[in-house]
Amino acid sequence: MPAEHAILAEIPRLRRYARALTGNDTDADDLLQDTLERALGKWLLWRPGNLRAWLLTMMHHVFLNQLRSRPALVPLDDDAPAIPVRPQQQDELEVRDLDRALACLLPDQREVLLLVGLEELSYADTARILGIPQGTVMSRLSRAREKLRAILAGEDRPVHLKVVK
Amino acid sequence: MSKERISKDQLHAYVDGQLSAADSMRVAAHLVADTDDQATVDAWRGQKALLHAAYARQLDAPIPHAIAARLKAQHHTPFRRAAIAAAWIALGIGIGIISDRQLAPPPSDTTLALSSLPQRAAVAHAVFTPEVRHPVEVGADQEAHLTAWLSKRLGHALRVPQLAAEGFHLVGGRLIAAENGPGALLMYEDGGGRRLTLYVCADKQDSGATAFRFAHQDGVSTFYWIDGRQAYALSGKLPRDALLPIASTVYRQLNGDG
């Protein structure tokens, strides 16, 4: 089945994007699965073209629906308890740091940051996928990058990770 | 050193490789002189590198079983249904088809187009009726537009039968690819959510008029006929006896005496 193979080939990248967007594996796979359901349901409406952009557009809509139907995740405040992490999980620790930093961005800024910075899409494609003007892509990108820069520089500290010896 | 004006947007585009070569060189020259902007560019590049490094593992991770299984066993997706229906046609082994042929063997003058009509109609029915959100392209609320649009594409004035007396209301319609060109699919629904589809396409063989014929496959009943240069097929998951009076109403209305 051509649809199955074509979509299958896109899954790793979709999954990476979903993982970065949601911040954890469970929500990422939920998002991916709902996106695929939607894509399969609409497969007959797909016109040959950019399959990845089409799937990312579906994922954007599913993501918005999930945000609406789920209680918002509130970033941990300064009094939040530290999560103990063993030193050998160095990779894992870095990912969780980044997850937490990304969680501090507004979802619409996070989408732009990831579509441009991780998926390496053009500003025009990003605008089309999100259904927003390119000027909005630029302003969201700018806010996301400034905020992330501040967080990673330690000026804005959401991350409470403590290495347990 | 000249202090050129470089916007924030240009800096982003520089980092993201979305500037022309000339603009990119202009920004690079500017950065030599502007250490603040250089630091900003370095920070943004660092963010991108961090994102790629942190989530690279997802690219190599095995696809979760649930997702792979869902893609491989698309039992509930329209194109799977279409594939099943198509396989039945290709093999021609549907018990339903055989028994219906015994009930109503097609006359010898049946053209190829006519013989494939009920299958094409049944496939269209199976593909589009499960759609919950987008069963049609143009809804019944824009019936005038629907009629005008489909008439234009079909090249003849399409009449949209009204089946309220039969308990079915129009959901809307869509353009479909029929055997020789554009076709139309009108969809109706009753209070219980049962759906009927009326498949309309041109009969290139110009078979004239034919009598009602009946076919049944995969649980879908279809009455089909040719009238003038148009072929029609009404399909639904209804028993033959329940579908026949509705098909008669459609036929009468299409002929202007309904």
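Glu120(A) is placed in the loop between α5 and α6 of chain A, where helices (H or I, at least four residues) and strands (E, at least two) are DSSP runs numbered from the N terminus. The model is a predicted one, in which local features need pLDDT of at least 70 and side-chain atom pairs count only at pLDDT 80 or more, whereas totals for chains, interfaces and linings use all residues. Residues are numbered from 1 along each chain as its sequence is written, chains are lettered from A and ligands numbered from 1 in the order in which they are written, and side-chain values use heavy atoms, with hydrogens and water left out.

The phi of Glu120(A) is near 55°, a positive value in a residue other than glycine; most residues other than glycine have a negative phi. With 42% relative accessibility, Glu120(A) counts as partly exposed, the classes being buried at under 20% relative accessible area, exposed at over 50% and partly exposed in between (1.4 Å probe, protein chains only). Leu115(A), in helix α5 (residues 107–117) of chain A, is by contrast buried, with a relative accessible area of 1%. When residues up to four places away in sequence are not counted, Leu115(A) touches Tyr17(A), Leu56(A), Glu120(A), Leu121(A), Thr126(A), Ile129(A) and Leu130(A), contact meaning heavy atoms within 4.5 Å. The C-alpha atoms of Leu115(A) and Leu141(A), which are 26 residues apart along the chain, are separated by 9.8 Å.

The largest nonpolar core holds 53 residues, of which Leu102(A), Leu113(A), Leu114(A), Leu51(B) and Tyr55(B) touch the most other members; such a core is a set of buried Ala, Val, Leu, Ile, Met, Phe, Trp, Tyr and Cys residues joined through side-chain atoms within 4.5 Å. Helix α3 (residues 51–69) of chain A supplies the largest share of this core, 9 residues. Apart from this core lies another, of 26 residues, including Leu150(B), Leu196(B), Val200(B) and Tyr232(B). Beyond its neighbours within four places in sequence, Tyr55(B) is in contact with Arg16(A), Arg19(A), Ala20(A), Val95(A), Leu98(A), Asp99(A), Leu102(A) and Leu118(A). Helix α1 (residues 8–15) of chain B has Leu11(B), His12(B), Ala13(B), Tyr14(B) and Val15(B) as its buried residues, and these pack against α6 (123–130) and α7 (134–152) of chain A together with α2 (21–33) and α3 (35–55) of chain B. Just after α1(B), Gly17(B) takes a positive phi of about 65°.

Chain B contains 10 helices and 7 strands, and 46% of its 258 residues are buried. Among contacts in chain B between residues at least 6 apart in sequence, 57% join residues at least 24 apart. In chain B, 7 strands form an open sheet in the order β1-β2-β3-β4-β7-β6-β5, with antiparallel pairing; two strands are taken to pair if DSSP finds at least two bridges between them. The edge strands are β1 (138–139) and β5 (213–217) of chain B, each of which pairs on one side only.

Strand β2 (residues 168–177) of chain B is joined by 9 bridges to strand β3 (residues 182–190) of chain B, the two running antiparallel. Across this pairing, Leu170(B) stands opposite Tyr188(B) in β3(B), and Leu175(B) opposite Ala184(B). Helix α9 (residues 143–154) of chain B packs on the sheet and touches β1, β2, β3 and β4 (195–202) of chain B, its direction making about 30° with that of β2(B); axes are lines fitted to C-alpha atoms, for helices over the stretch in contact, and angles run from 0 to 180 degrees between N-to-C directions. Helix α10 (residues 240–254) of chain B also packs on the sheet, touching β2, β4, β5, β6 (220–227) and β7 (230–236) of chain B, and its direction makes about 25° with that of β6(B). β3(B) is mostly covered, with 8 of its 9 residues buried. The hairpin of β2(B) and β3(B) has 4 residues between the strands, and within it Gly181(B) takes a positive phi near 155°. β3(B) is joined to β4(B) by 7 bridges in an antiparallel arrangement, with Gly183(B) opposite Cys201(B) in β4(B).

The mean pLDDT of chain B is 80, and 79% of its residues reach 70 or more, pLDDT being the predictor's confidence in each residue, from 0 to 100. Within chain B, confidence is lowest in helix α7 (residues 95–103), at a mean of 40, and highest in α1(B), at 96. Over residues 88–112 of chain B the pLDDT is below 50, and beyond near neighbours in sequence this stretch has 23 contacts in the model. Where pLDDT is low, the predicted coordinates should not be read in detail.
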